[in-house]
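Student: I am new to this structure and would like a close look at a single part of it. Please take me through that part slowly.

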Amino acid sequence: MALEKITQVSGCGVFVPGDDIDTDRIIPARFMKCVTFDGLGEFAFADAKLAEKAAGRLHALDDSRFNGATILISGSNFGCGSSREHAPQALYRYGFRAIIAESFAEIFFGNSTTLGIPCVKMSKNDIADLAALIEKNPSIQVTIDLTESKVTTDDVDFAAEFSLPGHAREPLMNGRWDSIADLVDGLEDVKTRVATIPYLSC
Amino acid sequence: MGKTLLDKVWEEHTVRTLPDGRTQLLIGTHLIHEVTSPQAFGMVRDLGLKVLYPNRTFATVDHIVPTDQRAEPFSDPLADAMVKELRKNCAESGVTFFDLPSGNQGIVHIVGPEQGITQPGTTIACGDSHTSTHGAFGAIAFGIGTSQVRDVLATQTMAIGKPKVRRINVDGKLAPGVYSKDVILHIIRHLGVNGGIGYAYEFAGSTFDAFTQEERMTVCNMSIEGGARVGYVNPDETTFEYLRGRPYSPKGAEWDAAVARWKAVASDKDAVYDDIVNFKAEAILPTITWGITPGQAIFIDEAIPNPDDLPEKDRATAHEAIEHMKLTAGTPAIGIKIDVAFLGSCTNGRLSDLQEVAKHIRGRKVASHVKAIVVPGSQGVASVAEKMGLAEIFREAGFEWRGAGCSMCLGMNPDKLVGDQLCASSSNRNFKGRQGSPTGRTMLMSPIMVAAAALTGEVSDARKVFGIH
């Protein structure tokens with residue numbers, strides 16, 4: 001299965017502040033009553049947007065200055081909670097192609113990588129600096145370079161290192177981020193292994 | 001050098017190392033439900049693949065089923081379509097389906113154990129983060145996304161890196177009125193909601209040795225709330241006794257062989273751990289959450305914390321929590337008025353949870369302003385509870401006795417909070433909007449504490465309400 005080799009993601013960014021942003025927040029459960037992922041994009045952060053409106057504030061995704069952002073930036077433990085793949089599916093369909101955060105919950109990280117969405121970890125200070133640059137100039141181009149492990153911007157001298165484990169980086173860069181092809185390649189070994197395990201072979 | 005249970009199970013189920021360094025891990029048992037599987041079946045079809053081992057996947061419906069009006073078609077056409085889709089997918093692929101009319105339907109993490117499908121030394125995956133529950137049997141059980149459900153359907157394997165293992169010892173005897181729910185809330189409070197990222201949690205110590213199988217399930221269930229995708233307890237006689245005679249448990253000579261294997265899979269005495277953390281059971285008191293993450297927890301006699309008194313890294317979320325929960329920092333937790341009491345979920349919807357509460361509420365009444373519902377975790381639990389007279393005790397006390405499902409743990413079925421109602425809940429997540437209303441408020445606690453709140457109409461110390469000494 002030929003997939004795009006993801007070595008770099010460039011685009012405008014949007015900062016959604018907060019730690020422990022869970023997948024219920026990213027896509028509330030009522031929108032999961034569906035048998036396909038199509039159409040989930042418009043519901044990304046649906047209730048968080050409503051809550052901000054009710055409090056007389058504007059959620060970053062409702063702020064027209066950040067329309068068209070393709071890189072989502074947030075705090076620590078992003079994507080915690082439910083294993084719902086609907087969360088990264090909704091973000092992808094909304095238009096996001098990469099996420100920068102202080103840290104990621106494990107299941108969300110894996111689900112996102114499988115969809116070809118790099119989730120890169122950057123320090124709190126660098127995230128604050130990047131968020132400030134975007135706030136000042138929303139059209140600034142943010143580039144995530146997987147080869148160099150660096151996030152840069154086009155108009156000012158911003159460069160920050162990020163971390164991305166090799167087991168995610170290599171598949172993204174080699175166009176093998178969806179593991180199904182590799183798993184199918186191993187099917188003969190699967191059958192051999194099944195035959196050796198008592199509870200499966202009897 | 002000794003091995004952990006995780007080491008042994010991993011070794012036995014490793015098919016090969018993938019080019020990216022992860023393991024192609026054989027998943028012995030695959031559990032599916034209506035919400036995260038339909039897209040996966042679609043993907044399998046689109047790829048021209050088929051379900052490789054249909055006899056190793058088991059299905060049920062739980063998230064979207066109504067718990068009161070259960071006749072089909074459901075009033076919600078989307079929910080109705082999801083059940084029909086699962087029914088069709090199971091029929092076409094030959095997967096066993098514990099369907100609504102079977103008498104065996106229920107929350108997937110309750111059905112697996114009660115059927116004897118969940119067994120020690122196995123690998124289990126399910127498109128639901130609370131799959132960690134099954135670790136209570138000494139299984140390595142993962143919550144997975146839908147693309148991985150596809151992977152398991154098509155190849156019976158998935159790509160995953162081997163986690164590190166943190167052993168969490170809890171030693172000693174819990175005080176009366178303190179339950180396994182308090183133990184896991186206490187652990188998460190101290191290790192953090194992200195402390196377990198990259199780890200499997202091995203729960204051990206004399207407190208766990210003394211726990212029943214159902215108490216162990218409550219703890220393992222919430223491993224993921226501490227960031228650990230996997231949580232497990234080494235299997236022992238308690239585990240084997242629970243499994244004996246269940247529909248899918250091994251029988252006859254196979255039983256003896258299985259028990260021998262299960263004993264051998266437990267962590268070796270000299271196993272090496274990546275980290276070890278110790279807790280004392282006597283130091284744990286009834287625990288409740290006050291905020292919007294399961295780590296924002298306090299003992300029942302503590303006050304709502306002042307965010308500015310917390311470590312710097314916790315302050316922003318704490319401020320957000322105080323605002324959402326409409327609480328005042330520094331005020332006691334006891335006395336906070338509740339609107340709804342929810343007893344159920346894959347965390348605390350088992351027979352022993354209902355028995356413990358029924359024992360204490362007999363002859364008492366739910367406060368007039370509180371809506372209180374009891375949702376057995378499975379039709380099996382409901383049926384036994386009804387035969388034992390528990391349903392009647394709950395009804396007489398003013399609880400609604402419902403049919404099995406996920407109910408008010410998450411907002412995917414008609415059981416939802418309305419507006420900013422505050423719910424005393426035996427479930428696992430207090431996230432903003434989790435219980436179906438964007439402004440709804442959740443306080444997590446043990447079933448007995450939910451019952452105490454239901455009767456008094458406010459957050460209460462169950463030990464005082466029920467005279468538990």
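Student: How far apart do the C-alpha centres of domain 1 of chain B and domain 2 of chain B lie?

Tutor: This is a predicted model, in which local features need pLDDT of at least 70 and side-chain atom pairs count only at pLDDT 80 or more, while totals for chains, interfaces and linings use all residues. Residues are numbered from 1 along each chain as its sequence is written, and chains are lettered from A and ligands numbered from 1 in the order in which they are written. The C-alpha centres of domain 1 of chain B and domain 2 of chain B lie 24 Å apart. Domain 1 of chain B covers 5-275 and domain 2 covers 286-465, with bounds that come from an automatic or database domain assignment. Between them, 40 residues of domain 1 of chain B are in contact with 37 residues of domain 2 of chain B, where contact means that the C-beta atoms of two residues, placed from the backbone, lie within 7 Å.

On the side of domain 1 of chain B that touches domain 2 of chain B, at least two residues each come from α4 (108-115), α6 (180-191) and α8 (213-221) of chain B; helices here are DSSP runs of H or I with at least four residues, numbered from the N terminus. The largest share of that side of domain 1 of chain B, six residues, is supplied by α6(B). By class, the side of domain 1 of chain B that touches domain 2 of chain B has 16 nonpolar, 15 polar and nine charged residues, with Ala, Val, Leu, Ile, Met, Phe, Trp, Tyr, Cys and Pro counted as nonpolar, Asp, Glu, Lys and Arg as charged, and the others, Gly among them, as polar.
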